[in-house]
Amino acid sequence: MNIDVMIAALPKLLEGAWLSLQLLFISGFFGLMIAVPLSIARSSPRLAVKALPYAYIFFFRGTPLLVQLFLVYYGLSQFAFVRESPILWPVLKEPYWCAIITFSLHTGGYIAEILRGAIQAVPVGEVEAARALGMRRSTTLARIVLPRAARIALPAYGNELILMLKGSALASTVTLLDLTGMARTIIARNYMPVETFLMAGVIYMTITFVLVRGLRFIEHRTSAHMRGRPTGPDTAPPESIA
Amino acid sequence: MPDLSGFEHQLLLGLWMTIRLALTALAIGLVLGLAGAAAMAAPVAPLRWLARAYTTIIRGIPELLVVLLIYFGSSVLLMRLARPLGYTGYIELSPFVAGAVALALTFGGYASEVFRGAFQAVPVGQAEAAQALGMGRIAIFFRIVLPQAWRIALPGLGNLFLVLMKDTALVSVIGLEEIMRKAQFATGATKEPFTFYLAAAVLYLGLTIVSMSLLAWMERRANRGMPRARAS
C-alpha cells in the first residue's frame, strides 16, 4: 500500500467526484419530475391508464442500467433522423447529456414505484375527509395525497439516491470522467489500481455517509408530529423490485 | 421478428455465460452472506466489527468499482504475493472468476443483513426446544433454524438476486463475453447498436421474468404449512 500515490491522486479524483455529484443531483431531480406523473397514473384503478407506466417501470427496473445507457448513447445514433436532427443530435452526441437522460429515466422508474407504494399507503380516511370537505379530486391530490406520500416515500427515496450515486459510476463506460472514470484514467498512468480504486472508494463512502446523514436530518425535521417512531434509511431493505 | 444478422447464436452463448456467472456469484454470495450474518451475531467483538465494516463498505461503493478493483487489484496483489516464492511472471484472475467474486462480495454484503434479520426473527424457543430434545448444534442449525430463517429471508434474497443478475452486465467492462459483450461485438460488425442493445435488454427482461416466477414458486414452497397471507 502506497499512501503517497493515494494522496497524489486525490485532487483529480475530487474533480471526478464533482461530476458524479452533478450527475446524481441533476438526474435525481429530473427522475423525480418523471416519477410523479408516472406514479399517479400507475396508482389508477383503470387498466388503460396504468398499462403504460407499468410497462415503463417494468422495462427500467428489469434491465441493467448499462444496457439503458448504451441504448441511449450508442443505440440512438443508429437512426438517421436522430443524426440529422439539429435539435436531438447536439444533445445526444454528448456523453454528459446521454448519461443524465439515461439516469433520469432509470431512477424515474424506481422512484415512481416507491411513490406508488407511498400513494397507496396514504390512509383512505384522510382522502375521504378531504372529499367530505368539498375538495376537488385535483386539490385532494395536490394538498393531501402527494404531501403525505412524499413524507412516506422519503426514506426509500434516500435509498434510491444512494443506489443512483453508485449507478453513476457507469458514466465512466461512456468516456465521462466521473469519480470512477477519473480513477481509471489515473491508473492508466500510474499503474497503481489498488491504491487509486481504494481512494475512489473512500470518496464514494464519504459522499454516501454525508447523504445518509443529510437524509436522516430531513427525516427528523419532517417527523416532528410523530417523534418516537424509529426512522432512518439504513433500516429499510436495500432495493426491491415488483 | 427483428433481423439479428446471424448473431442470434452469439447472443445465446452470451446469455448462457450470464446465467453461469449469476449462479456462481449467487452460490459464493450466499456463503458470504451466511458467514457475514454469523459474524454479526458472534460473541467476539472484532468479528462483529469486521462484518459491520464489510457491509458498510460494500453498500457505500459502486458495484462497478468493486468489479474493477477485484479484476485489476487482484492481479497486482497476487503478483506481489508470488514474488517472494520466486515466481515473477504475470498473473491475473480470469474475468469470469474476478466478476463472480466481485458480484458475490456485493451480494454477500447485502445478504448478510437479510440473513441477520431472518435469524433474529426465528424464536429462540425453537432452538431451545430442539436442544431439549437432544439434537446437536449442527442438526439444530440445519433442521430447525435455517429452514425457518430461509422462509423469512427468501423475499429479500430474491430481490438481491434480481439486482445481481442485472449487475452481471458490469462484468462486460472487464471483457467477459456475456450478453453485453456479445452485443458489443455484433454492434461493431453490423453498425446497428440500437438493434443489438435492445436485443440484450429483451434477454435481461426474459431473465428477470423467469427469475421472478421461480422466486414466487420458491416462496410458495417455503411458506407451505404457514397460514395464508394476513390482510395487509
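Predicted model: local features only at pLDDT ≥ 70, side-chain atom pairs only at ≥ 80, totals over all residues.
Let's start with chain A. Its secondary structure is ten helices and zero strands. Read from the N terminus, the elements of chain A are α from start to end: α-α-α-α-α-α-α-α-α-α. Chain A has 242 residues, and 42% of them count as buried. Its C-alpha trace spans about 70 × 55 × 25 Å along the principal axes.

What about contacts along chain A? Take the contacts between residues at least 6 apart in sequence. Of those, 74% join residues at least 24 apart.

Now chain B. How many helices and strands does chain B have? Eight helices, and zero strands. From the N terminus, the order in chain B is α-α-α-α-α-α-α-α. There are 232 residues in chain B, and buried residues make up 42% of them. The C-alpha trace of chain B spans about 70 × 55 × 30 Å along its principal axes. In chain B, look at contacts with a separation of 6 or more. Residues 24 or more positions apart account for 78% of them.

Next, the place where the chains touch.

On to the core. The largest nonpolar core has 122 residues. Helix H4 (residues 95-121) of chain B supplies the largest share of this core, 14 residues. Which residues have the most contacts inside the core? They are A:Val67, B:Leu65, B:Val67, B:Leu164 and B:Ala200. So that list draws on both chain A and chain B. As background, nonpolar side chains tend to be buried together in soluble globular proteins.

Let me finish with one residue, A:Val67. Set aside residues up to four places away in sequence. What does A:Val67 touch then? It touches B:Ala169, B:Met180, B:Tyr197, B:Ala200, B:Ala201 and B:Tyr204. One of these, B:Ala200, is also on the list of residues with the most contacts inside the core. If you want a place to begin in the viewer, find A:Val67 and look across to those chain B residues.

Note on methods. Residues numbered from 1 in each chain as written. Chains lettered and ligands numbered in written order. Core = buried A, V, L, I, M, F, W, Y, C linked by C-beta atoms within 7 Å. Buried ≥ 20, exposed ≤ 12 C-beta atoms within 10 Å, placed from the backbone. Helix = DSSP H or I, 4+ residues; strand = E, 2+ residues; numbered from the N terminus. Contact = placed C-beta atoms within 7 Å.
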